[in-house]
Amino acid sequence: MSKLKFSNLENRVNTMSAKWDKRKEIFNNENILPMWVADSDWQTAPAVKESLLKRAEAGIFGYSFADQSVKQAVENWLKKRFDLKIEKDWLIFDTGVVPAINFTLKAITEENDAVIIQPPVYKPFFTAVKNNDCKLIENELINKDGHYKMDLAGLESQIKESQKQGNPVKAMIFCSPHNPVGRVWDQAELLELLRLLKKEDIFLLSDEIHSDLVYPGYEHHPILKLLFKRDEFSDYRKKLITFMAASKTFNIAGLHTSYTIIESKELRAAYNQAKEGFGTGNSPFGLLALKSAYNNGEEWLQKQLEYLEGNYNYLREYLAAEIPQIKLTQAEGTYLVWLDFSQLGFGSDEQLIEFMNQKAEVGLNPGRWFGDAGSMYMRLNLACPRKRLKEGLTRIKNAVKKEL
Ligand SMILES: Cc1ncc(COP(=O)(O)O)c(C=O)c1O
């Protein structure tokens, strides 16, 4: 394999990059070092790039669909990475996990149905519930000394309460691994959750977009696999919808391709119907990138994971030594880290954000973007060359020293 270049300082300015070219618009500061939105600052796997170059050379970019070869690549990947056996018919290709979650709610809910999410969590989950005129129930995660757990007892009471009020919970949108808190849920807690949802007959929308980005010592458990392996869930499988993509894993999010796995034929039909008329066809580049990533990108992914782990360790040591007031939530997966700034003494989130944007000049996602539970937190994306990470941390350290 040719030399991998995770440490290259690639230029992303003037490339229509949402991360780099909207700094003035988003942070009101052109000098921001952007460490926010979830894409990576390095080139995708060489195999992906080569396949796209070849396709570009052909010069025809008409309407496209996921053929058997794309489905085979997905089937093989899930088997190889997670020992998860799916059938090709269960796959539906989409332009992204976010639209797919919206279509799913459109397919399964009616106005005012209750839907549960677990904040702090990816903001488009909130929006999807709102878009579909559903009632949002927030089952906040529990933060114990920087380690997050699900509040399953609270969840059970919220479900019971919704039944009492005559508006029983219809669905839950679940994030696994979790953005932003970085949890890779363990099997015992997942089973406990699944037993509860099964008992109450609640649809589970499982967003597993970050499933390939897991640090050593942790294992991603696809919900579908957990259900398959146990007879007790054989009837519940028809309530599961899984969302995955190669977009985070291989830095191809701009190609807008994801896939949704639905085993139940009826649910798949309802889902496809919900999509009708929304122009949801896939781009040939997105499909090809997914296929070549899964067929030929595993070695690159391994190297990327090693680089990310190095970045994570660097960040942890840097914070402990240089800015100990900023508390790191231990990341088990994803390249996103969840930082607690509450000890810096700001009076409000707005002050913290202003400090970060105008004094430190580092572009992070404000914690409140993930719900009120994210107050005084910010999310940092460490999928960048270590030099850039160091630059970002140095900017924060200097601003803390100078201004606080
Ligand atoms: C949990 C989660 N779901 C979905 C997405 C976005 O998915 P897509 O770009 O496929 O719509 C992200 C991106 O950061 C994410 O973190």
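1. **Ground rules.** Because the model is predicted, local features need pLDDT of at least 70 and side-chain atom pairs count only at pLDDT 80 or more, while totals for chains, interfaces and linings use all residues. Residues are numbered from 1 along each chain as its sequence is written, and side-chain values use heavy atoms, with hydrogens and water left out.

2. **Annotated span.** UniProt, in an unreviewed entry, lists residues 45-396 as "domain: Aminotransferase class I/classII large". Such positions are given in the numbering used here, with feature names shortened, and annotations may be inferred rather than shown by experiment. The span is 44% helix and 16% strand, and its end C-alpha atoms lie 31 Å apart. Helices (H or I, at least four residues) and strands (E, at least two) are DSSP runs, numbered from the N terminus.

3. **Ligand shell.** Which residues surround the ligand? They are Ala38, Gly96, Val97, Val98, Pro99, Tyr122, Cys175, Asn179, Asp207, Ile209, His210 and Lys248. Helix H4 (residues 97-108) gives the largest share, 3 residues. By class, the shell has 7 nonpolar, 3 polar and 2 charged residues. Here Ala, Val, Leu, Ile, Met, Phe, Trp, Tyr, Cys and Pro count as nonpolar, Asp, Glu, Lys and Arg as charged, and the others, Gly among them, as polar.

4. A polar contact is a pair of N or O atoms within 3.5 Å. A polar side-chain atom of Asp207 sits 2.5 Å from a ligand nitrogen atom. Val97 uses a polar backbone atom, 2.7 Å from a ligand oxygen atom. Lys248 brings a polar side-chain atom to 3.0 Å from an oxygen atom of the ligand. Taken alone, the ligand exposes 400 Å², and the protein buries 89% of that. These areas come from the Shrake-Rupley method with a 1.4 Å probe.

5. **Cavities.** The whole structure holds 2 cavities of 30 Å³ or more. On a 1 Å grid over the protein atoms alone, a cavity is a set of points where a 1.4 Å probe fits but cannot get out; lining residues have an atom within 4 Å of a point. A volume is the space filled by probe spheres set on the points, which are joined across faces, edges and corners. The largest cavity has about 40 Å³. Its lining includes Ala245, Ser247, His256 and Leu290, and counts 5 nonpolar, 4 polar and no charged residues. Helix H12 (349-360) and strand S15 (377-381) each supply at least two of its lining residues, with H12 giving the most, 3 residues.

6. **A pocket.** A pocket is an open set of points with protein on both sides within 12 Å along at least five of seven lines. The second largest pocket has about 250 Å³ of space. Of its 15 lining residues, the closest to the centre are Arg81, Asp212, Val214, Gln302 and Leu305. Helix H3 (68-82) and helix H11 (298-322) each give two or more. H11 gives the most, with 4 residues. The lining divides into 6 nonpolar, 3 polar and 6 charged.

7. **Backbone to check.** Where are the cis peptide bonds at Pro177 and Pro180? Pro177 lies in the loop between strand S7 (169-175) and helix H7 (187-200), and Pro180 is also in the loop between S7 and H7. The Ser176 to Pro177 bond has omega near -10°. For Asn179 to Pro180, omega is near 15°. Asn179 is also one of the residues around the ligand. Separately, Asp145 has phi near 50°, a positive value in a residue other than glycine. Asp145 is in the loop between strand S5 (142-144) and strand S6 (147-149).

Note on methods: Near = heavy atom within 4 Å. Polar contact = N/O pair within 3.5 Å; in protein donor to acceptor, adjacent residues only side chain to side chain.
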